[in-house]
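Colleague: Before I use these labels, I want to know what backs each one. Shall we go through them with the model open?

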Amino acid sequence: MSIEVNHLTKLYGNQKALNNISFKIDKGEIVGFLGPNGAGKSTMMKILTTYIDATEGEAKVNDFDVQKNARDVQKRVGYLPEHNPLYLDMYVKEYLTFNANVYKIDKDRISDVITLTGLTLEAHKKIGQLSKGYRQRVGLASALLHDPEVLILDEPTTGLDPNQLVEIRQLIKSLGKEKTVFLSTHIMQEVEAICDRVIIINNGEIVADKKLTELKADQQQIIEVEFDYRVENVLLNRLKHVQSVKNTHDFIYELTFSTKADMRASVFDFAHDNGLKILQLNQKNKNLESLFRELTL
Ligand SMILES: Nc1ncnc2c1ncn2[C@@H]1O[C@H](COP(=O)(O)OP(=O)(O)OP(=O)(O)O)[C@@H](O)[C@H]1O
């Protein structure tokens, strides 16, 4: 197991930032840690990276306890904190060399991580001259210096423009082929773009822990249909796979189906067979973003 958290609680004074949290992450998984601002994401990551201690419970990385075996954990974890701390006056290569020296890492690794994070053309620039996306690459390069098995990335794409966002997501995805990645975000699309699994946290508690494939399979199909006249709910309830019927406005009905099969054609056929006229029909499936809102509001 790459990460194992058991009944973990963190108090800041009286405030419970994490409340009895448990989860496991297998080797090689890319897991999104999703939650609104203040949910407890950074707190969890700081505990896993040994920066702060939990109040109760335990956390392990590659079977090493974060409190009892902190040094062993640090050797196996690469961490990109939320506010990526960089020395802006240093050159990229100079900064990575400095970090490699501090942690007594073989010099060969410097050119490896520069290539890996796409920094070859920037290696001789000052960090202060780089765009936010490239600064994130420097942070990632630094986190990768000791070739950790587990990467913990706290909101790695916050503040990036759409192009840089795509590039950094691709980079994280490719790093995930070799490493376990645990990344925090408050953007559901990010999880969809990068992750195999999502753990959703709200007010310090886990409210969902699912594989992306499961989440997508769980989605309901909603069809909004407008008829030219009032239709009895009883009639619409006879539609195959219909779960609920809601009259939302005048002659507009929201039909929820319990199947993933596209029901639009069936609704048309049903209307035709029952002498009903359809003026409008929209399929408006619940997306993952609305699921996140439901779970965290
Ligand atoms: N050092 C601290 N002292 C007191 N309270 C803190 C401290 N650090 C965090 N908190 C509080 O704990 C809660 C969880 O914070 P945390 O930073 O873990 O959330 P987050 O999910 O990472 O939020 P964001 O998405 O805004 O970064 C918040 O209410 C925050 O104000």
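**Labels and what backs them**

Modeller: In S2, phenylalanine 23 is the bridge partner of valine 5. Bear in mind that this is a predicted model.

Colleague: What makes S1 and S2 a pair of strands?

Modeller: Pairing needs at least two bridges. Strand S1 (residues 3-12) and S2 are joined by seven bridges, so they count as a pair. They run antiparallel.

Colleague: Which sheet do they belong to?

Modeller: An open one of four strands, in the order S2-S1-S4-S5, with antiparallel pairing.

Colleague: Why are S2 and S5 called edge strands?

Modeller: S2 and strand S5 (64-65) each have a single partner strand, so one side of each lacks a neighbour in the sheet.

Colleague: What is the strand order in the other sheet, S12 to S14?

Modeller: That open sheet also has four strands. Its order is S12-S13-S11-S14, and the pairing is antiparallel. Strand S12 (242-249) and strand S14 (278-283) have a single partner each, so they stand at the edges. From one strand to the next, the twist averages 20 degrees.

Colleague: How do you know that S11 and S14 pair?

Modeller: Five bridges link strand S11 (residues 221-227) to S14, in the antiparallel sense. The cut-off is at least two, so the pair qualifies. Glutamate 224 stands opposite asparagine 282 in S14.

Colleague: Which helix lies across S11 and S14?

Modeller: Helix H10 (residues 264-273). H10 runs at about 160 degrees to S14.

Colleague: Last, the ligand. What makes up the shell around the ligand?

Modeller: 13 residues surround the ligand, and the closest are Tyr12, Asn37, Lys41, Ser42 and Thr43. Strand S2 (15-25) and helix H1 (41-48) are the elements that give two or more residues. H1 gives the most, with three. The classes are three nonpolar, eight polar and two charged.

Note on methods:
Residues numbered from 1 in each chain as written. Predicted model: local features only at pLDDT ≥ 70, side-chain atom pairs only at ≥ 80, totals over all residues. Axes fitted to C-alpha atoms, helices over the stretch in contact; angles between N-to-C directions. Contact = placed C-beta atoms within 7 Å. Near = placed C-beta within 6 Å. Nonpolar A, V, L, I, M, F, W, Y, C, P; charged D, E, K, R; others polar.
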